[in-house]
Amino acid sequence: MNLLSVVVRSRGLGRQIVSSVAILVLAVMMMVLLGSYAFYATLWVFYPAGLSAPDSWLPSPAEWGWIIATTLTGLAIAVWVAVRLSRRILAPLNSVATSLRQVAQGDLAARAATDDHSLGEAAQLVGDFNAMAERLQRAEQERIFWNAAIAHELRTPVTILRGRLQGLAEGIFRPEHALFASLLTQVEGLGRLIEDLRVVGLADSGHLQLQLQQTDLRQEVMTVVKACESALLEKGFGLSLALDTQQAVCDPVRIRQALLALLENTLQHATPGMLTVRALTDAGMHSLSVEDSGPGLAPADAQTIFDAFQRGTLAPGAHQKGSGLGLAVVRAIAGAHNGTVFHETSSMGGSCFTIRWPV
């Protein structure tokens, strides 16, 4: 009864091992039992002299031959079953071991394989290993991509700074206020890029710390809007504010940073038109959104636009703008508030980016 319950409860590899051993034992016992009946019946009919004497406790030579033949046959059956079962079990394990050595040597494209999915645990081990190897390969590809993207974003401002400072040192440029203002702008751009990289990196590692406090969200939004108002109006945007929320628990510095990133994204990519900034509280969630009037995002771009260094599809003849980190920073800040950020098509035909976090 206990053996039967173990077989019933077992799954995959464990069940097959228990079943194989049970079937092997049963087969050998039946072979010995039925074979013994047949053997002694044959001796009794055709060769009675081959039976051992009634007063002897030692088998006769014929019986010794039967015992040895039965033992060798049972052993052969056991070895055959064991070899077949071990091959089925060891094939995926050896594949995982080989692939592990390849991964340890730097081949992150190595994958284990199995053709037998009836061995549940072994097949699951192969699947888990392949998933791990795939994540490692993806992480390595992302690391290479990040290094190349960071180098690309730093190259332009550093080249400008080096060229102008070299020109000042060699007397090619005159030390004028406009030149120093230009150098300061490049340094400020580098500072923003470094801060964006720091925020995204901290968020990815789970170490982005917040200073949560009761905040006048309306006042924080007005502060950011006033700082960007002249640039927005100069480019032809019309501002509309719908601030229904006053108090919210958040990190005011990070919320200002996120809203500033959304407004800068609008300045760089949206066409001049009406721009609406909303703040409201509904169904236990605070939300802060920026809505423009065009041109919007393609559905494929909307799936990746919040990833670092990802930008939407450029219009023909347009030039790449921004570092590609602004929306990644927004997502990092929203995630640190246990919230989300998402994109949807606005009622004005453009894009609406919304940050939501719990009350």
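## A pair of strands

Let us start with β6 and strand β7 (residues 351-358), which pair in the antiparallel sense over six bridges. Strands here are DSSP runs of E with at least two residues, helices are runs of H or I with at least four, and both are numbered from the N terminus; two strands pair if DSSP finds at least two bridges between them. Within this pairing, T340 stands opposite R356 in β7.

This is a predicted model, where local features need pLDDT of at least 70, side-chain atom pairs count only at pLDDT 80 or more, and totals for chains, interfaces and linings use all residues. Residues are numbered from 1 along each chain as its sequence is written, and side-chain values use heavy atoms, with hydrogens and water left out.

## The sheet around them

The open sheet has five strands in the order β2-β4-β5-β7-β6, and its pairing is mixed. At the edges stand β2 (238-243) and β6 (340-345), each with a single partner strand, so one side of each has no neighbour in the sheet.

## Two helices side by side

Now meet helix α7 (residues 252-269) and helix α9 (residues 326-336), which pack at an angle of about 150 degrees with their axes 9 Å apart. Axes are lines fitted to C-alpha atoms, for helices over the stretch in contact, and angles run from 0 to 180 degrees between N-to-C directions. The two helices are therefore roughly antiparallel to each other, a label for angles over 145 degrees.

In the contact (heavy atoms within 4.5 Å), R254, Q257, A258, A261, L262 and N265 of α7 meet G326, L327, V329, V330 and I333 of α9.

How values were computed:
Angles under 35 degrees count as roughly parallel, over 145 as roughly antiparallel, 65 to 115 as roughly perpendicular and the rest as oblique.
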